[in-house]
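Hi,

Here is the structure I said I'd pass on. Have a look at it first, and my notes follow below.

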Amino acid sequence: MTITDEDCLTETLKFNESFAAAFASRPAREVTPDATLLATLRRNRLGGDTPSVRLPQGQDRVVAGGVKVRAFVPDHVDGVYLHIHGGGWAFGSADGQDQKLWRLAEQARLTVVSVEYRLAPEHPFPAGLDDCEAAARWLVDHASVEFGTQRLLIGGESAGAHLTVATLLRLRDRHGVTGAFRAAHLLFGPYDLSMTPSQRLFGSRQLLSNTDTLRRTYELFTPGMGAEQRRAPEVSPLFADLTGLPPARIVVGTEDPLRDDSLFLAARWQAAGAPVQLGVVAGAMHGFTLFPLTITERELRRERDFLSTAGR
């Protein structure tokens, strides 16, 4: 484990304090938002109150199984990155990070394909995972013809990181596909939906995510399941056999309730035989890459460097 960015700790913790104070002043939301509020929240940028910027470089497509994706194709393509967005399986969209994804596409020379997977609570588990699996299988079969390369990478943030691991496991277990995706990039994901110690002990601090919000999110995503059912490997990949998975870069902040998820997953991933880079960002809260911080710029640069070189 490498703890990074300790030189930024003062700035990072100050931001955390201001974020928590601003969040506490907002009116409380219903446990399950009504349709109007849900639609409004989904239009807004994750972590913010304004709509996302939609760039003309994004190409909306429909691939196998009717799954929608959004592709960013730079002039020079050395690989394809299947991106799975975060948002607690209930928010976020394929066009919610156009600026970030287009910058990554250009700088890392990657076609970036972001999945518009179905969201809970209207479409609970496993609907969103089904869509990610279909998009991944489409790339395995068609990336060479569509984008001129078979160098495939996969990754995502938060719920997207969870779906990334679950997708790799489905490719292996359902289709016998291993090695097609040459690396995985996993940012602050939940890998144990029955709740790791850091999730259960985090408490009520309003740092984008906390013990209560995680619990409610799991109830929306996996309605009717108890903790024991959520430990099933297809729901919580921390309990899965991880053999045959590709090299990974796993990142989390020290002030994230999902900290243990990344630490435990990294240990199990490496024990299963694949190389792992584990980065723990000093003072960072959940979803820190959504915000204009020094640690965000550094992390996006590290992500770009990993994806530029992985699987060559």
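The structure, which is a predicted model, holds one cavity of 30 Å³ or more. The biggest contributor is α5, with three residues.

Gly179 is worth a click while you're there. You'll find it in the loop between α5 (159-175) and β7 (181-187). Is glycine 179 buried or exposed? Exposed, because its relative accessible area is 56%, and the cut-off is over 50%.

Nine strands make up an open sheet with mixed pairing, ordered β1-β9-β8-β7-β6-β4-β5-β3-β2. At the edges sit β1 (2-4) and β2 (58-62), each pairing on one side only. On average, neighbouring strands are turned by 25° against each other, direction ignored. β4 (residues 79-84) and β5 (residues 110-116) run parallel and are joined by five bridges, with valine 80 opposite threonine 111 in β5.

Two helices to look at here: α4 (residues 127-147) packs on the sheet, touching β2, β3, β4, β5, β6 and β7, and its direction makes about 165° with that of β4. α5 packs on the sheet as well, touching β4, β6 and β7, at about 145° to the direction of β6.

Cheers

Technical notes:
Residues are numbered from 1 along each chain as its sequence is written. This is a predicted model: local features need pLDDT of at least 70, side-chain atom pairs count only at pLDDT 80 or more; totals for chains, interfaces and linings use all residues. Side-chain values use heavy atoms; hydrogens and water are left out. Helices (H or I, at least four residues) and strands (E, at least two) are DSSP runs, numbered from the N terminus. Buried means under 20% relative accessible area, exposed over 50%, partly exposed in between (1.4 Å probe, protein chains only). On a 1 Å grid over the protein atoms alone, a cavity is a set of points where a 1.4 Å probe fits but cannot get out, and a pocket is an open set with protein on both sides within 12 Å along at least five of seven lines; lining residues have an atom within 4 Å of a point. Grid points are joined across faces, edges and corners, and a volume is the space filled by probe spheres set on the points. Two strands pair if DSSP finds at least two bridges between them. Axes are lines fitted to C-alpha atoms, for helices over the stretch in contact, and angles run from 0 to 180 degrees between N-to-C directions. Contact means heavy atoms within 4.5 Å.
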